[in-house]
Amino acid sequence: MGTQIKLAMMATAIAMTFTSAQAANLRVGMQDDPDALDPATSGTYAGRIVFSAMCDKLVDIDAKLEIVPQLATAWTWNAGGTEVTFTLRDGVKFQDGTPFDAEAVKFNIERMKSMKDSKRKGELAPIDSVTVVDATHVSFKLKSAFAPLLAVLSDRAGMMVSPTAAAEGKEFAANPVCAGPFKFKERRARDVISLEKFDGYWNAAAIGYDTVQYLYIPDSTVRLSRLQAGDLEIAERIAPTDLGAVRGNPALSLHTSPGLAVSHLMINVGNSEKGGALGKEAKLRQALELSIDRNVINKVAFAGEFTADNQMIPPSSVFYDKSHPAPARDIEKAKALIAEVGGDAPVVEITYENSLADGRVAQIVQSMASEAGFQIELVPLETASAVERYLAGNFQAYIGNWSGRADPDPTLYSFFGKDGSQNVNKYGNPDMDKTLGEARASADVEQRKALYAKATGIYLTDLPTIPLYHPNWFYAARADIGGIAIYPDGLLRMTSVKPAK
Amino acid sequence: MNTSNATLQLPGTSVTKKSVLSRCLRQPGVMIGGTIILLFVLVAVAAPLIAPYKPNTSDWMAIRQGPTVAHWFGTDDLGRDILTRIIYGTQASLLVGIVSVAIAIAIGVPLGMVAGYFGGIVDMVISRITDALLACPFLVLAIAFAAFLGASLENAMIAIGISAMPIFVRLTRGQVMTVKAEDYVDAARLLGVPHRKIMLTYILPNAMAPIIVQATIIMATAVLAEASLAFLGLGQRPPSPSWGTMLDVARQFLTESPWMAIWPGIAIILLVMGFNLLGDGLNDALDPRRDD
Amino acid sequence: MLSYVLRRLAIAIPTLLLVSILVFSLLKFLPGDPAIALAGEERDPAVIEFLRQKYSLDQPLYVQYGKWLGGIVQGDFGLSIRTRLPIGEMIAQKLPVTIQLSVMAMILATLIGIPAGIIAALKRGTAADYGVSIIGLAGLSVPSFWLGIMLILLFAVTLGWFPSGGYVAFFDSPVDNLRHTLLPSLVLGTAAAAIVMRHTRSAMLQVLKQDYVRTARAKGLKERIVVVRHVLRNSLVPVVTMSTLHLGELLSGAVLTEQVFGIPGFGKMIVDGVFSRDYAVVQAVVLCSAALFLLMNLLADIAYVILSPRLRG
């Protein structure tokens, strides 16, 4: 009798070690710690990385920024482009068992439009109402034709949370429940976020890991060294200067993608007191642009790994305007333009967040522009102060970092539209408003391309901001991890990732 | 009797001034520490003369080069000569060391004196606030003040000065209370000498010794604190060189360019050691209880 | 004794209150509205206004303070403005990390400092004494974050013996935990070791001059017994009390060390809180560290009182 029990115990122990040996855990090193984990209120890029594993959206994008199905399998527009009906995936459940249906979609959209601290109101503003057609069909009525809608729904605005978990009075962010491949397990602030596999996921077979942990490691060198040491399986945002180490290490593999983000020097053109001469005179702004060499910035600050560019939209986008290449550095022309404007040597105060990247860029700009006669003063601020000044328009020039969107409209409209959310320098050009308005209403790609080319010409002449470069995405992973595909939004999509054995 | 002019020959004021000075100079700590600091001061003042390059001139072709004949200490991530930036960085560090302590003393000593001399409610209020400030970690206070004021060298000096101020309040207060108990002070009070005169001419000179010692030690702390604040992004505005910011940048390139991290650290160590040696030496020289 | 302790505790409360008021006022004057910082990339005045209301940021200062104080008294530290996680939980997760580092640092400091101080005192005036003293001075003068960087360069990057950062909880893996905390503790303990060494040296020098030591020597007792039984035991009292005091100061050092090594501890929590204008976090953390500091002071004083009378004999 005793031996039988002993054998049983041994068998259980072996089975347990066997299963625990199989319990695959993926550790991802992240640069930032997300804010509150609620798609309606979240504003951090790091949050989007965690959401891509935890919260499925109505639609997603592919590597070419085309819209592909996720929770919605098909969609049809009406003739005027003012109503779209989605066919929802069948048999999907939220991570707490609540069924996903048209009612849930309606709940989510209305939640994100009405919740007091929702950051998605602007994005979802074009939606007038949501109608439940039947359990698997839901219809969005728009106030007017809005082509970028699907792109909007491919990000946080399209993420579906469980109506049960988001009911009134519950602190959703402390225990988020969505419909993605991994469900929330625990979170230690500024330390680690742990997710575990959701067995009821509609694509459960594709999930390659039992648990995922997102570790907050703000120092990119430390992220890389811990990856090299085997403490992590994946590390995001490797510093461009460290790429040589990754490429030269056979135990690691590098995953890259051109990015949607843009880093730009925004000039306060709308406020004459803060903007000074630079804000008033387009010639001075042109001179500033001519005095810098974007390729030098790219080479010196980023080892040439980013994409130097003069436009807000990345070259990888189909809407990029090839007819306006970045001008080469021309000190003489810059000096001439400054002389044309006359007056004293122009003073420029550049405000920026005190990050290593922005700091380097600012110092390079200062060094180069001073050769043309600009007197540049640098004002690095820590994040909270910098963001406050930015949003209040309290700066002369500001190095802005915009993470970019799949569709050009959110970028261009936010920055150059009359009431765009990022138009903190109060730029206004009626021609621009008209062009952008037409572009967002049209569903014809060729027509939109032409309109966006026109818009680009406008802002490259007015220069309310001087785009500098597009960061590219660099993920480093252990070489034995397979299925990692990085798209231009830079997010790690977990469904295809599995140990490559 | 002319009371306003009455001065008492206090035991050992003018007589020991000379012997105090010679005792100080005979201390090895004072000599070595003082020399080190003097050397740094010379470097700071003569920076434009002795530095091989300009501190903010970039050579775009020479990014992060190791030590060469052209650049003895190598170049940094923006192609600037590190040796030059270390030399110019001396100015910032010395300035912070001296000015922040001056601020701390200018506020702390009078407060401590008032608290110790008058006692009563004044003492209680000042002491309670001082205790509360001392209960907070020094660096945390400095960080909070620096963030409040905004990142710049001047603000770092103010932040460190205010954070160090409570130390001088407590020290002065203790000293004043000891000296106040002496007979000659009682006698002066009886003679009707006004409070202010008593505090300035009788009490302060006799309380100065430990304050001076503490001042040198706090200068060392201030230099370290400035480097720490710069390391956290709250120091001098770029592109001006500061040893702490140089270390912050160097951290990112530890594997490829380790030399960027070594030199600023050594500079800080040497300067701080100078202050510490000086402080130790002064402490030994001025401590009346020494029977060496 | 008991009345002494009670009196000290009674004084501690108004001090803590004062600390919280000071920190609160300081934070409120920090530029950088957390509601705006929270609003992030998008900028919607309605959202900002709602956030202000939600966190009572629009109320007069004394009301905000009163609300916060009321919560503290009930043991509720509130929610982090940024992540909406309970701060009490954050403290419970991060304080033990810093305490572990501090304790390890003090142990290392004692293991290094006391023998070094003994050697320096016994061999007073010789090269050994000067050597130890100079090293001790260097230990006090080295910027802790630089020392951390150098140790990482040597032990993690070049030799690969230790990880270059991060933290593993003790209960997850004791071995990994020690691997991750050894270098930071070394950095944190360096200044403390120097201080312990100096205190030990000067305390021993004082004791060595005492009559009873000369008597013991005159009696012909072996030098080692003299040192251990008489000198050491009596010199350790001031060392112990001084060390307990410095335990409180370790928190300042922890701020930098945790930053360099990326350790999610208490010190890093303060820095992050200040930089993200997470008022609630900073207030809670400073209050806790002030309380700890006062507690350490009290313990040091009690230790002194208890140990001192035993000196005679």
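**View 1. Where chain A meets chain B.** In this predicted model, 23 residues of chain A and 21 residues of chain B make up the contact. Putting these two chains together buries about 1,900 Å², and carbon and sulfur atoms give 53% of that area.

**View 2. A salt bridge between chains A and B.** Let's zoom in on two side chains: R251(B) and D219(A) form a salt bridge, with 2.7 Å from N to O. The interface of chain A and chain B has 2 salt bridges, and the count of residue pairs in polar contact is 3.

**View 3. The side of chain A that touches chain B.** Which elements give two or more residues here? They are α6 (220–229), α10 (294–302), α12 (356–370) and β16 (375–381) of chain A. Of these, α12(A) gives the most, with 7 residues. By type, this side of chain A has 10 nonpolar, 7 polar and 6 charged residues.

**View 4. Where chain B meets chain C.** Now we move to another contact, with 41 residues from chain B and 43 residues from chain C. The area buried between them is about 3,600 Å², and carbon and sulfur atoms give 81% of it.

**View 5. A salt bridge between chains B and C.** There is 1 salt bridge across this interface: R198(C) meets D280(B) through their side chains, at 2.8 Å from N to O. Residue pairs in polar contact between chain B and chain C number 3.

**View 6. The side of chain B that touches chain C.** Helices giving two or more residues include α5 (120–135), α9 (195–231) and α11 (259–286) of chain B. The most come from α11(B), with 11 residues. This side of chain B divides into 31 nonpolar, 4 polar and 6 charged residues.

Conventions: Residues numbered from 1 in each chain as written. Chains lettered and ligands numbered in written order. Predicted model: local features only at pLDDT ≥ 70, side-chain atom pairs only at ≥ 80, totals over all residues. Heavy atoms only, no water. Contact = heavy atoms within 4.5 Å. Buried area = accessible area lost by both parts, 1.4 Å probe. Salt bridge = Lys/Arg side-chain N within 4 Å of Asp/Glu carboxyl O. Polar contact = N/O pair within 3.5 Å; in protein donor to acceptor, adjacent residues only side chain to side chain. Helix = DSSP H or I, 4+ residues; strand = E, 2+ residues; numbered from the N terminus. Nonpolar A, V, L, I, M, F, W, Y, C, P; charged D, E, K, R; others polar.
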